[in-house]
Structures are given as C-alpha cells and as structure tokens.
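Please look through the note below with the model open beside you. The points take up the ligand and then the charged pairs.

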Amino acid sequence: MSKETIRVPDVGSSDPVDVIEVSVKKGDTVEAEDTIVVLESDKASLEVPCPKAGTVLELKVKAGDQVKEGDPLLDLDVAGDDAADDDGTPSDEADSDTADNASTDDAVEDEAADQATDQAADNAPAAKGGTRTVPAPDLGDIDEAEIIEINVAEGDSVEAEQTILVIESDKASLEVPCPEAGTVKKLLVKVGDKIGTGTDLMELETAGGGEGASDQGSASKGASNKGSSEKSASKEQGDSKPARSRQSDLDQKPSQADRQSAAPETPERVEGKPSSSVHAGPAVRKLARETGIDLADVAPSGPKDRILKEDVHALIKQRLENPPAAGGAGMPDLPEIDFSEFGPVERQELNKLRKVAAKNLHRSWVTIPHVTQFDEADITELEAFRKSQNKALEKEGVKLTMLAFLVKACANALREFPRFNSSLEVSGEALIMKDYVHIGIAVDTPNGLVVPVIRDADKKGLKDIALEMGELAAKARDRKLSPADMKGATFSISSLGGIGGTAFTPIVNWPEVAILGVSRSDTKPVWDGQAFQPRLTLPLSLSYDHRVIDGADAARFTSYLSQLLSDMRRALL
Ligand code: CAO
C-alpha cells in the first residue's frame with residue numbers, strides 16, 4: 001500500500017478556483033482517470049481526474065472551498081503500488097508531480113476555455129452589416145469537441161456574447177458565444193457534430209450595418225484585443241460579467257427555485273428555456289443526457305446556482321414518485337392536425353373557465369387512479385315524501401330537489417366513512433383527515449362547469465341545503481360566484497339526473513378523493529321475494545381515488561348511501 005496525496009493541477013490561473021463538486025467520498029474505490037473533483041474558474045469548469053487507481057483515504061476539500069495549484073485534494077491508497085509500499089512513507093513531492101502531469105491536459109483545456117472566450121470576441125469583425133460565417137473559436141489543445149447543445153435556430157436574433165452552442169470534450173464543457181449581434185441565417189452544424197478550432201458554425205447576418213454597427217464592431221474588437229493581449233484586462237472584463245457563459249444567462253431568467261415553486265400551478269415545462277443557460281459541468285450534462293433529464297428543469301443546489309449530480313438524481317427520484325401532472329407521464333405530445341383538410345372548420349377559442357377546468361380535470365385524470373363503483377337506491381318513499389313536502393314549502397319559496405337529499409345523505413355517509421372526506425398528501429405519505437364536511441355541487445352553466453360548495457352540510461337541515469343550493473346554482477349561472485364560494489370542498493356530487501342517463505364515471509375533483517355521480521331515476525320492477533314491485537330507482541356512480549379508498553370500502557359507502565336514501569329517517573339518527 002502507498003499513500004499519495006493528490007493535488008490541484010495547474011489550472012492556468014494563479015487565482016483560486018472554486019471546488020464545485022467532490023465526486024468521491026472517503027472509502028471509495030477509484031479508477032485512474034475517474035473524476036475526483038470539479039473545479040471552476042470564471043470561464044470554464046474542469047474535472048480533475050485521478051492520476052491512479054486506488055482507494056480514497058481522506059478528502060482534503062469539500063464543495064464550496066477555494067483552491068489553487070498544488071493544494072491537496074485527497075489522500076489515495078494507491079492500488080498495487082508495492083514498491084512505494086516498501087518504506088510506507090508518502091512522497092508528496094513525487095505525488096505532486098504525478099498529479100501535475102496527470103492534469104496537464106486539464107489545465108490546457110481550461111486555458112482553451114479562456115482562449116475560446118477571447119477568441120470568440122476576436123472573431124468580431126469591424127465590418128458593417130452583411131453576412132459572415134462564424135467559426136468555432138480556438139480550442140487550444142482540444143482537437144475535437146462534440147456539440148451537445150445548439151441554443152439558437154435559423155431566423156433567431158442573437159446578441160453579441162449570447163451563447164450559440166455548447167461543446168464538450170472529454171473533460172470540459174464550453175459555451176461558445178456569438179461574436180456580434182445579428183440574425184442566424186443558416187446553421188452549419190448540428191447537435192452531435194464534432195468540431196475543432198475554426199469549424200464553420202453558422203452564417204450570421206450581422207445587425208443593422210451602417211456606422212453604428214461598424215462602430216460597435218470596432219469597439220468589440222478593441223475590447224477583445226485588449227483582452228487577449230492583456231490577461232489582466234481580460235480578467236477584469238470577465239469579472240464585470242462573471243461567467244459570461246452560464247451565469248449571465250441565468251441572471252436574465254427566473255431562478256430555478258422560482259420556476260419550481262410555480263410548478264404545481266403550471267406543471268408543464270417552461271417552453272423555450274434552453275438547458276444551456278443553466279450552470280452545469282460536463283459530467284452533469286452527460287448524466288442529464290443519459291437519463292433524459294432537461295437541465296432547465298433541475299433546481300440547482302451548488303455554488304453560483306450550479307447543478308450538481310445530486311440535483312439531477314433528486315429530480316429523477318421526484319419524477320418517479322410524482323409523475324408530471326399534465327401533458328407528462330412520459331406520453332408523447334399530441335400532433336397538431338389541420339382539420340380543414342377534411343372539410344370546413346371554425347376555430348372557437350375556449351373561455352378562461354373552460355381552460356382552467358380542462359387543466360384541472362386533466363391533472364386529476366392522469367394523477368389519480370380512478371375506480372367507479374355503481375349502485376342503486378330505492379327512492380320510492382323519498383320521492384313521495386319530497387313531493388308532499390314541496391307542496392307545503394312552495395309558499396316559502398323553497399323547492400326540495402332530490403339533490404338536497406343527496407347532499408344530506410352524503411354528509412352523513414362522510415361522517416360514517418371519514419376516509420372519503422380526506423385528502424392524500426402530495427408526497428403520498430399521509431392522509432389529511434378533515435373534521436368538516438363541505439360538499440361541492442357540479443353546476444352546468446353556459447360558460448362551463450363550476451363547483452360551488454355547501455359548507456358544513458352535515459350540520460344543516462334539508463331546507464337550508466335546498467335554499468343554499470338554489471342560490472349557489474343561480475349565482476353560478478349569473479357568473480357571480482366568488483372564488484371563496486368554490487373553495488374547500490371535501491367531496492363532490494355531480495347530478496345529471498335532471499338531464500338523463502343511466503350511469504357515468506365522474507372525475508375525482510382533486511384534492512378530494514371521491515365524487516358521487518347521480519343519474520336519472522327510473523321506475524324498475526324489483527323482486528320482493530314474492531312478486532315484482534314497481535320501485536323508483538336512483539343510479540349512483542361513485543368514483544374514488546384507489547390510493548386512498550379500497551374497493552370494499554367504496555361498496556360499503558354506496559350501500560350505506562343507498563340504505564339512507566331508501567329510508568331517510570336513518571339520517572336523523
Ligand atoms: N332523476 C330524475 N329526475 C331528476 C333527478 C334524478 N336523479 N334529478 C333531478 N331531477 C329532476 C328534478 O326533480 C327536476 O324536475 P322538476 O322540475 O319536475 O321538479 C328536473 O329534473 C330538473 O332538476 P334541476 O337540474 O333543476 O335540479 P337539481 O337539483 O337536480 O340539479 C343542478 C341542480 C345545479 C345540479 C343542475 O341544474 C345541474 O347543473 N346539473 C348538471 C351538473 C353537471 O353538469 N354535472 C356534470 C359534471 S361532470 O361533467
């Protein structure tokens with residue numbers, strides 16, 4: 001065994017660089033060339049490979065540290081190094097040489113990153129407007145790098161310094177900025193292409209032309225010349241726009257955290273957000289590509305909003321546990337269809353209510369495992385009672401509808417079966433049991449479906465429920481419902497009985513876990529043991545979230561409901 005200290009290689013700068021990621025931990029077995037840490041300077045990220053295979057004895061740095069050439073990174077128990085084992089003493093001097101040698105390439109690549117930045121600026125011509133070809137910058141010792149992202153499309157307007165593509169070699173990723181403002185006329189490369197210094201990347205129609213553009217070009221040229229000839233000046237320029245590559249892009253866009261907090265409202269991906277505008281090293285980009293993750297969707301946890309491998313893993317885990325709500329679930333996007341090919345058509349824009357309802361219904365449909373339990377209730381006596389009461393109540397301006405009885409019966413059933421009155425935590429780890437019973441009623445309006453809520457339905461009498469329902473339905477049709485009128489339901493009822501139908505499968509109104517669908521009652525012959533009797537029968541369709549409710553409980557719930565409706569006196573008990 002031989003202990004060697006692996007040190008920071010020549011990073012092409014005397015300034016300290018950030019340790020962005022430590023890719024190994026104590027006890028890990030590493031192969032030669034395995035990345036052990038990722039360092040980052042102003043302009044490039046650099047993965048430091050392990051010069052030898054071995055076992056990590058001790059880490060000398062952590063993410064967030066600043067290091068410079070020669071600083072120790074870790075102690076390595078070098079595999080199979082028996083010769084050195086003889087004296088058992090670490091040879092830091094020799095080790096340092098090894099590390100330096102091993103990482104010479106990296107330093108060259110880092111330098112290449114600097115050069116690329118300078119070179120891209122150097123490419124800015126002092127010419128007036130016109131079409132020019134934008135070549136790849138000087139990549140230093142990198143013979144060949146792969147284009148991993150192209151951030152512009154033909155016809156796009158680009159600003160000077162805007163990232164046009166991201167390339168990646170074995171150890172570094174590099175963003176190539178546009179040397180001047182203009183319009184992308186033609187892309188000459190595509191993702192996956194291998195390029196080297198000077199490869200033609202695109203044809204750029206330079207902005208405006210005329211004196212202004214000419215002046216700007218000259219100024220740009222002047223600045224970049226200064227940058228390439230005078231390192232410190234270049235550095236200052238870099239400092240004023242740190243990481244002209246990724247960080248500056250990030251600054252112009254909502255932070256990852258902002259976008260993630262908005263995610264529940266808008267689960268769809270934010271379109272047009274290029275993943276190159278995030279801050280991530282080559283290994284992370286590779287991981288993202290291999291796992292199909294768009295880095296634009298990842299919340300960074302590293303310094304300077306850098307995305308670490310753990311962040312990608314965290315998003316993968318989250319997606320496995322909570323599949324995307326809408327448009328997601330791994331389904332391909334629906335293709336646009338030109339229906340006018342088949343006959344005359346008219347496009348009718350959906351109103352806001354329908355758009356919101358569609359989104360919510362879709363979300364519930366794809367995220368909740370629905371099952372629908374069908375049942376029937378004998379409401380012969382109830383209907384007779386309802387009619388008799390309505391005669392008396394007419395004078396008071398109250399109309400007892402079947403729905404009022406259903407609300408009352410459901411409120412009772414929800415108290416009897418409290419899981420139906422719960423919500424599942426988004427994590428799926430717990431149920432929120434509610435000690436209140438607020439029942440949502442689906443109301444059909446010319447503008448679309450709304451669901452006003454009857455609060456504390458279990459504490460209200462039939463007459464009050466009927467009155468309130470009438471008011472809410474009228475408000476719904478007059479578009480006078482307030483958001484508060486439609487919030488907080490614990491269970492919903494959708495009655496299509498006034499219209500028709502024998503059964504249907506309503507969609508659970510998330511975050512509720514069950515919904516009762518009611519269809520049109522009909523007189524049916526029911527066998528009483530001796531003869532068929534005409535009985536008024538009400539069809540019930542209970543859809544429920546199978547993660548929360550078992551089939552047996554659903555059958556118990558509808559049986560209970562059916563018995564209550566058959567004899568509402570039980571509801572009074
Ligand atoms: N079986 C037979 N007749 C029924 C019935 C049933 N299950 N439910 C209601 N009826 C009768 C009523 O008794 C009434 O008849 P009368 O005027 O002779 O008394 C008639 O149908 C109309 O009832 P209504 O619809 O005005 O009243 P309601 O209390 O039953 O319903 C409301 C109120 C607001 C729920 C209803 O108007 C409505 O909007 N329903 C549609 C809900 C909906 O769209 N659901 C689908 C959601 S999922 O897409």
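1. The shell around the ligand is made up, by class, of 6 nonpolar, 7 polar and 5 charged residues. In this count Ala, Val, Leu, Ile, Met, Phe, Trp, Tyr, Cys and Pro are nonpolar, Asp, Glu, Lys and Arg are charged, and the others, Gly among them, are polar. Please keep in mind that this is a predicted model, in which local features need pLDDT of at least 70 and side-chain atom pairs count only at pLDDT 80 or more, while totals for chains, interfaces and linings use all residues. Residues are numbered from 1 along each chain as its sequence is written, and side-chain values use heavy atoms, with hydrogens and water left out.

2. Which residues come closest to the ligand? Of the 18 residues that surround the ligand, the closest are Asp-444, Arg-477, Ser-494, Ser-519 and Ser-521, where a residue is near a molecule if one of its heavy atoms lies within 4 Å of it. Two strands, β23 (443-445) and β26 (491-495), each supply at least two residues of this shell; helices (H or I, at least four residues) and strands (E, at least two) are DSSP runs, numbered from the N terminus.

3. An N or O atom in the side chain of Arg-477 is 2.8 Å from an oxygen atom of the ligand, and a polar side-chain atom of Thr-401 lies 3.1 Å from an oxygen atom of the ligand. From Ser-519, by contrast, a backbone N or O atom lies 3.0 Å from a nitrogen atom of the ligand. The ligand has 950 Å² of accessible area on its own, and the protein covers 67% of that area (Shrake-Rupley method, 1.4 Å probe).

4. Turning to charged pairs, the structure holds 23 salt bridges, each being a side-chain nitrogen of Lys or Arg within 4 Å of a carboxyl oxygen of Asp or Glu. Side chains of opposite charge can pair when their charged atoms come close.

5. One of these salt bridges joins Glu-180 and Arg-132, with the closest N and O atoms 3.2 Å apart. The pair links distant parts of the chain, since Glu-180 sits in the loop between β13 (173-177) and β14 (182-187) and Arg-132 in strand β9 (residues 131-135), 48 residues apart. Are these two residues buried or exposed? Glu-180 is buried at a relative accessible area of 12%, and Arg-132 counts as buried at 15% (buried means under 20%, exposed over 50%, and partly exposed in between, with a 1.4 Å probe and protein chains only).

6. Arg-319 and Asp-297 meet through their side chains in a salt bridge of 3.1 Å, N to O. Arg-319 lies in helix α9 (residues 309-321) and Asp-297 in the loop between α8 (282-291) and β18 (306-307), so the pair ties together parts that are 22 residues apart in sequence. Arg-319 counts as partly exposed at 32% relative accessibility, whereas Asp-297 is buried at 17%.

7. Lys-463 forms a salt bridge with Glu-396, the closest N and O atoms being 2.8 Å apart. Here Lys-463 belongs to helix α13 (residues 462-477) and Glu-396 to the loop between α11 (380-393) and α12 (402-416), 67 residues apart. Lys-463, at 36% relative accessibility, counts as partly exposed, and Glu-396, at 47%, also counts as partly exposed. Elsewhere, salt bridges that share partners join Lys-3, Lys-60 and Asp-75 into one network.

Note on methods: A polar contact is a pair of N or O atoms within 3.5 Å; within protein, one must be able to donate a hydrogen and the other to accept it, and residues adjacent in sequence count only if both atoms are side-chain atoms.
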